[in-house]
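This report describes one part of a protein model for a reader who has not seen it before. The sequence and structure come first.

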Amino acid sequence: MTRENGEIVGWARHREAVADLQRQLAAMPTGAPVRLAKKTSNLFRPREANAVAGLDVSQLRGVIEVDPEAGTADVQGMTTYEDLVDVTLRYGFMPYVVPQLRTITLGGAVTGLGVESSSFRNGLPHESVLELDVLTGAGEIVTATPDGENSELFRAFPNSYGSLGYSVRLKIKLEKVSPYVHLRHVRFTDLHQLTEQLRTILDLRRHDGESVDFLDGVVFSADESYLVLGSFVDEAPYTSDYSSQQIYYRSIQQRTEDYLTIHDYIWRWDTDWFWCSRAFGVQKPAFRRIVPRSLLRSDVYSKIIRWENRHGYFAKLDAAKGKLPRERVVQDVEVPVERTEEFLRWFLDNVPIEPIWLCPLAVRDREHGVQPWPLYPLQRDEHYVNVGFWSTVEITPGREDGDVNRDIERVVHDLGGHKSLYSDAYYDEQTFWSLYGGDTYQLVKKQYDPDGRLPDLYSKAVKRR
């Protein structure tokens, strides 16, 4: 079974792929831990080696069906957003939320969370899911919906990181799009002004007479920050291209407005991994001119990072030069909007990382009276700001590796926020479960993975298993 990017695979091939996955799981040694064998990963924490081969999910990487009348799509769990968007844009639709990096999978974004500039009105990726088929640790395929017999699994699946099972199919809502996005870059010289204007836009969803369909921002320093306001438009006087020589995040400082095709807007951050590509020298004009466009991608950069995590070549080189060792600080945190200024000022005073990404979000309304997503308990009717920062810092004398991350965890918790778990976490077990729905999680875990074939969430997120 071969496929091209953006191919619709259909139901027959999907059923064959699911049956093959079940056969693989049944053939694994009894009690062996279960993992996926994936060619790409957007996790930023090293994991222990696993002697048992992972499940081959390469046949679960396509769109099954798009229903343009209903505005929905059935999608295999390991489908990358790059492939998913290629299909849905043909019909004039996009997923409600498209995380920034091309090789993030739909199933990964739902079980591991994701956020983007439509999240202030569309929530997180799992909030547009109508139903999902999950391969559980017990080897069964169960269908979970908000109101069905597996509703507890549906609600606990987001932020479970594969510890409750793996999604093999997801039915999601789609959003109608216009062909272009008009961008306005609003500059601020004071963080208080930035956060106050952000709150106003969140309330009105308009700015200077134009609707706001996308909203994020960048903090370059305490006295230079921007909100980037995106609006759907049917026509554009020009379009910019940030997939090759031009660098998107620098354009925010250089222009007051811009126009992109909807496709290029969706992937505007991928070319330079936000701004993290500068660590590889590809933002230097002379070098960038000779780098093929096909290598200016987040998955290429992440392969370099995984290689370094395995071999430590550059760390050894720095040590030989007498440089201090460095701590990885790669995190996204959600802070209530009214505490965002406080967090930013603390961060800028204590953590030498810049720029910083801002992306507001809110839980979408649900009819159910219970906490909609217990493993990541954001509150209804509350706006949060995702604050993203991705780099390393020196481990100064008297400090230990992990101390900066622990400080961030403490401050985020004190401000009523939450931290995503795709990267390093240092919580003790009791604190961890108090923050990430421990009681609910244990009940669902016992029901759908009674033999513990899937490492639990704490083992994955903190112990790196």
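The text below covers a sheet, the helices beside it, and a salt bridge.

The model is predicted, so local features need pLDDT of at least 70 and side-chain atom pairs count only at pLDDT 80 or more, while totals for chains, interfaces and linings use all residues. Residues are numbered from 1 along each chain as its sequence is written, and side-chain values use heavy atoms, with hydrogens and water left out.

**The sheet**

Eight strands form an open sheet in the order β14-β9-β13-β12-β16-β17-β15-β18, with antiparallel pairing. Strands (E, at least two residues) and helices (H or I, at least four) are DSSP runs numbered from the N terminus, and two strands pair if DSSP finds at least two bridges between them. The edges are held by β14 (257-261) and β18 (418-419); each has a single partner strand, so one side of each lacks a neighbour in the sheet. Strand β15 (residues 326-336) is joined to β18 by two bridges, and the two run antiparallel. In β18, H418 is the bridge partner of E334.

**Helices on the sheet**

Helix α12 (residues 340-350) packs on the sheet and touches β12 (214-221), β15, β16 (356-362) and β17 (383-394); contact means heavy atoms within 4.5 Å. The direction of α12 makes about 5 degrees with that of β17. Helix α13 (residues 403-414) lies across β15, β17 and β18, at about 10 degrees to β15. Axes are lines fitted to C-alpha atoms, for helices over the stretch in contact, and angles run from 0 to 180 degrees between N-to-C directions.

| Pair | Axes come within | Crossing angle |
|---|---|---|
| α12 and α13 | 11 Å | roughly 160 degrees |
| α10 and α11 | 6 Å | roughly 60 degrees |

The angle makes α12 roughly antiparallel to α13, a term for angles over 145 degrees. F343, W346 and F347 of α12 meet D407, I408, V411 and V412 of α13.

α10 and α11 are therefore oblique to each other. Their contact is made by W307, E308 and H311 of α10 and Y313, F314, A315 and K316 of α11.

**A salt bridge**

The structure holds 29 salt bridges, each a side-chain nitrogen of Lys or Arg within 4 Å of a carboxyl oxygen of Asp or Glu. One of them joins R297 to E82, with the closest N and O atoms 3.0 Å apart. R297 lies in the loop between α9 (285-288) and α10 (298-311) and E82 in helix α2 (residues 81-88), so the pair ties together parts 215 residues apart in sequence.

How values were computed:
Angles under 35 degrees count as roughly parallel, over 145 as roughly antiparallel, 65 to 115 as roughly perpendicular and the rest as oblique.
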